[in-house]
Amino acid sequence: MATTDINTADTARDMQIIDGVVDVIASTAPEIRTGLPGRRVAAEDENPSGETQMAADVFADDLLCERIGALEGVGEYASEERPESVDVGTGRLSVAVDPLDGSSNLKPNNTMGTIFAVYEAPLPAHGRDLVAAGYVLYGPVMTMIVARNGTVDEYVIHDDASHELVREDVTLPDEGSVYGFGGRVPDWTDDFEAFAREVEQDPSRKLRYGGSMIGDVNQILTYGGIFAYPTLESAPEGKLRVQFEGYPIGYVIETAGGATSDGTKSLLDVDKDDLHARTPMYVGNTDLVAKLEAALD
Ligand code: P6P
């Protein structure tokens, strides 16, 4: 577990490139959102994780690859939708994205997100190579959370593709009031189920699980508590992808003063070679993540 040293960009040039990535994602988000209505259908293929690709996944990925790939200073682009990373130039920073997290929520018109991770290393990179991360949340309001330079800021993205700073130095509230746990309950391990039952007993907490990690994690960032997509009996590595979900969300939550874990250590210390490797994910208030790790020990 643990809020650990967070790596940040150490040159003005890298900070400039990171700002460019943030600006491009913020300005592309309205176009992604506008393109959703006509793309609520399955595409022909599956993604590298074997999940049905929606036409919207492919659309968002193509836009982001083109725009991010055109940035000076970015050398590599990878996404959940592509088997391999793409060489996009000679820049020293790499960008990994989940173009449309929670696209299965498109049909029921529920929240979705775009997740990004900026690494100062080739892909697949390590969590400690991150120098920035964040996400766009397609909710009633389009917002963007950005973790960089040791702080987390929130923006509102307007339809004209401008983005407006609305909250600086965002941190998790001390007392968490929501929890959201993925996977089927019969598929949870006994230890995790015992932990979940203990969390549920607290009258100050209520269940918030919407099936899109970004919507669920943003609840934790707003109200405090814990989100988990745990180890499952049928899937010991869980469901969520290290490079595109585990590392960036771990970076955001730890920068915001929370804690993260794969069950035994910070998500930023998960060490997997495969670009599409998965990890169990537990993120939220430090005391709850510590309790989780003790429960799984
Ligand atoms: P389940 C969406 O497909 C996703 O990758 C995450 O956004 C979300 O947390 C999880 O899968 C939902 O999985 O098993 O509840 O459908």
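**Exercise 1. A pair within a helix**

Solution: 
1. Helices are DSSP runs of H or I with at least four residues, strands are runs of E with at least two, and both are numbered from the N terminus.
2. The model is predicted: local features need pLDDT of at least 70, side-chain atom pairs count only at pLDDT 80 or more, and totals for chains, interfaces and linings use all residues. Residues are numbered from 1 along each chain as its sequence is written, and side-chain values use heavy atoms, with hydrogens and water left out.
3. An α-helix has 3.6 residues a turn, so residues three or four places apart point the same way.
4. The side chains of Glu200 and Arg197 form a salt bridge, 2.8 Å from N to O. The term needs a side-chain nitrogen of Lys or Arg within 4 Å of a carboxyl oxygen of Asp or Glu.
5. Glu200 has 29% relative accessibility, and Arg197 has 30%. Both count as partly exposed, because that class lies between buried (under 20% relative accessible area) and exposed (over 50%), with a 1.4 Å probe and protein chains only.
6. Elsewhere, salt bridges with shared partners join Glu51, Glu80, Arg241 and Glu245 into one network.

**Exercise 2. Bridges across the chain**

Task: Which parts of the chain does the Arg82 and Asp61 pair link?

Solution: 
1. Start with the total. The whole structure holds 17 salt bridges.
2. One of them joins Arg82 to Asp61, with the closest N and O atoms 2.7 Å apart.
3. Arg82 lies in the loop between strand E3 (74–79) and strand E4 (86–87), while Asp61 lies in helix H2 (residues 55–69). These are distant parts of the chain, 21 residues apart.
4. Asp61 is buried, at 3% relative accessible area.
5. Next, take Asp269 and Arg128. Their closest N and O atoms are 2.7 Å apart, in a salt bridge.
6. This pair also links distant parts of the chain, 141 residues apart. Asp269 is in the loop between strand E15 (259–261) and strand E16 (278–279), and Arg128 is in the loop between E6 and strand E7 (130–138).
7. Asp269 is partly exposed at 29%, and Arg128 is partly exposed at 24%.

**Exercise 3. A charge without a bridge**

Task: Which side chain of opposite charge is nearest to Asp153, and how many Å away?

Solution: 
1. Asp153 belongs to strand E9 (residues 151–157).
2. Asp153 is buried and has no salt bridge. The nearest opposite charge is the side chain of Arg148, 5.1 Å away. In this count Lys and Arg are positive, Asp and Glu are negative, and His and the chain ends are left out.
3. Look for polar partners. The backbone nitrogen of Asp169 is 3.1 Å from a polar atom of the Asp153 side chain.
4. List the neighbours. Leaving aside residues up to four places away in sequence, Asp153 touches residues including Met144, Val146, Leu165, Arg167 and Asp169. Touching means heavy atoms within 4.5 Å.

**Exercise 4. Around the ligand**

Task: Which residues surround the ligand?

Solution: 
1. Among them are Asp101, Gly102, Tyr209, Met213, Phe227, Tyr229, Lys239, Arg241 and Glu245. A residue qualifies with one heavy atom within 4 Å of the molecule.
2. Take the side chains. Ligand oxygen atoms lie 2.7 Å from an N or O atom of the Tyr209 side chain and 3.0 Å from one of the Lys239 side chain.
3. An N or O atom of Met213 is 2.8 Å from a ligand oxygen.
4. On its own, the ligand has 400 Å² of accessible area, and the protein covers 78% of this.

Terms used
Polar contact = N/O pair within 3.5 Å; in protein donor to acceptor, adjacent residues only side chain to side chain. Areas by Shrake-Rupley, 256 points an atom, 1.4 Å probe, with all protein chains shown as cover.
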